[in-house]
Every structure is written in C-alpha cells, then in structure tokens.
Amino acid sequence: MSKDHFLRIPKEVTDMLNQQIAQENLSSFTYLSQAVWCERKGFQGAAKFLYHQSEDERKHMLRIIYYLNELEAPVAIPTQQKGAAATSYPSLHHIFTSVLQNETKVTASIHTIVDYVLQVKDYRTFSFLQWFLEEQREEERVAQRAIELFDIMGNDGGVGLYEIDKALGKLIEEDEEKENAMEE
Ligand SMILES: [Fe+2]
Ligand SMILES: [Fe+2]
C-alpha cells in the first residue's frame, strides 16, 4: 500500500469513513434480524421492507469501500459484530420506531463527516458524500412514512396490523421503483 493516500485523503477522514463502514454494516445486520422476526410472525410486507433495507445498507458500505480503494486508503472490514443481533422484538411498531431512530443517527453521523471534510477542505470527499446526504433524506422520509402508517391505521392488532403490513410492502415497492428509475 502506497503512502500516497495521505495526499488524497486526510487520515482523520479515512478513520471517519471506516467508522461509517462499521455503522452501515451494523444497520444491515440489524435490519436483517428484524426482517427475520417479521417473516416468522407473518408480516410479509414488513419483512420485504427490511430485507430490502438490509441490502441497501450493505450497498452503502460497499460504496465507501470502493471510494477508499480508489484512493488507496486503508479499509477496515468489520468481521465481527459486538454480540449477535437481537432475535426477538416487542412489536412491529417497536421495530419501525427503531428504524427511524437508526436512520436519524446515521444522518447525524454523515453530517459530522461533512462538517469535518469542509473544515479541512477535503472537497473530494465532500463531493462523494453528496450522494449519502440525498440517500439519508430519502431513508428518513420512508421511515417517517412507515411510522405514519401506524398512526393512521391504528396499532392495536388485528385488521390494523394486517393493513399496516400490506402498506409497508407497498411502500418499499414504490421506493424500489424510484431507485430503478433513478438508475436508468
Ligand atoms: Fe445506510
Ligand atoms: Fe439506511
């Protein structure tokens, strides 16, 4: 590995991006374990939503890895989670509340990196992070909408939950369509 990467990207930024890799990885596995719980409980729509989000988080992680590779900067691959992800959750509503909280946390973490790269005039990484700023706006919008569905349809079991689950499946299908349209 050449030392040239220090010329292209400050060491502190490399460290922050590696922390972000770990955070995307953790999000991916958390959503995966929540997807499993939902599927076992018969919430097909919610499971579809969370499997999709889990894959998205892995893609976010890869995006950062590719960027660091391009600059020949060190990459830390998280091979071990701190303990296994939870396997049981109190309720569907609880899961989606935690999704929104997690996305808000990730946005804050991206903002911290953006703040820093501007301070040190690392405009290359600033430009790279634009995509993440947009993505987090979208991720928060979808998570917020998921919570709204509970508010609209009621959260106390039976028909309400059945309808919420269906709507969650539809919500992620719309999101997929949007993503595909953007890629074309
Ligand atoms: Fe992410
Ligand atoms: Fe996310």
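Read along the sequence, the chain runs α-α-α-α-α-α. The model is a predicted one, and the protein chain holds six helices and zero strands.

**Whole chain**

Taken along the principal axes, the C-alpha atoms fill a box of roughly 60 × 35 × 30 Å. Colour by burial next: of the 184 residues, 28% count as buried. If you display contacts with a separation of 6 or more, 75% of them come from residues 24 or more positions apart.

**Helix α2**

Select 11-40, which is α2. How far apart are the end C-alpha atoms of α2? They are 44 Å apart, and this agrees with the 44 Å that 30 residues should span at 1.5 Å a residue. Just after α2, pick Gly42, where phi is positive at about 90 degrees.

Now go back into helix α2 and show Met16. Met16 counts as partly exposed because it has 18 C-beta neighbours inside 10 Å, and a buried residue needs 20 or more. Leaving aside residues up to four places away in sequence, Met16 touches Ile113 and Tyr116. For a distance check, draw a line from Met16 to Met182: the two are 166 residues apart in sequence and 28 Å apart in space, C-alpha to C-alpha.

**The largest nonpolar core**

Hide the side chains and bring up Cys38, Ala46, Leu50, Leu92, Ala146 and Leu168. These are the residues with the most contacts inside the largest nonpolar core, which has 21 residues. At least two residues of this core come from each of α2 (11-40), α3 (44-70), α4 (92-119), α5 (123-153) and α6 (159-183). Which helix gives the most to this core? α6 does, with five residues.

Centre on Leu50. Not counting residues up to four places away in sequence, Leu50 touches Tyr31, Gln34, Ala35 and Cys38.

**Where α3 meets α6**

Select 44-70 and 159-183, which are α3 and α6. The two helices pack at an angle of about 35 degrees, with their axes 6 Å apart, and α3 passes α6 in a left-handed crossing. On the α3 side, show Gln44, Gly45, Ala46, Lys48, Phe49 and His52. On the α6 side, the contact is made by Asp165, Lys166, Ala167, Leu168, Gly169, Leu171, Ile172 and Glu176. Coloured by class, this contact has six nonpolar, four polar and four charged residues.

Stay on α6 and select its buried residues: Leu161, Ile164, Asp165, Leu168, Leu171 and Ile172. An α-helix has 3.6 residues a turn, so residues three or four places apart point the same way. What covers the buried residues of α6 includes α3, α4 and α5. With 25 residues, α6 reaches 37 Å from its first C-alpha to its last, close to the 36 Å expected at 1.5 Å a residue.

**Helix α4**

Move to 92-119, which is α4. Its 28 residues should span 40 Å at 1.5 Å a residue, and the end C-alpha atoms are 41 Å apart, which agrees. Which residues of α4 are buried? They are Leu92, Ile95, Phe96, Val99, Glu103, Val106, Ile113 and Val117.

Finish in the loops, with backbone atoms displayed. Most residues other than glycine have a negative phi, and most peptide bonds are trans.

First select Glu72, in the loop between α3 and α4. Although it is not a glycine, Glu72 has a positive phi of about 55 degrees. Is Glu72 buried or partly exposed? Glu72 is partly exposed, with 15 other C-beta atoms within 10 Å.

Then select Lys121, in the loop between α4 and α5. Lys121 also is not a glycine, and has a positive phi of about 60 degrees. Lys121 is exposed because 9 other C-beta atoms lie within 10 Å, and 12 or fewer make a residue exposed.

Key
Residues numbered from 1 in each chain as written. Chains lettered and ligands numbered in written order. Predicted model: local features only at pLDDT ≥ 70, side-chain atom pairs only at ≥ 80, totals over all residues. Core = buried A, V, L, I, M, F, W, Y, C linked by C-beta atoms within 7 Å. Helix = DSSP H or I, 4+ residues; strand = E, 2+ residues; numbered from the N terminus. Contact = placed C-beta atoms within 7 Å. Axes fitted to C-alpha atoms, helices over the stretch in contact; angles between N-to-C directions. Left-handed = near helix turned anticlockwise from the far one by under 90°. Nonpolar A, V, L, I, M, F, W, Y, C, P; charged D, E, K, R; others polar. Expected span 1.5 Å × (residues − 1).
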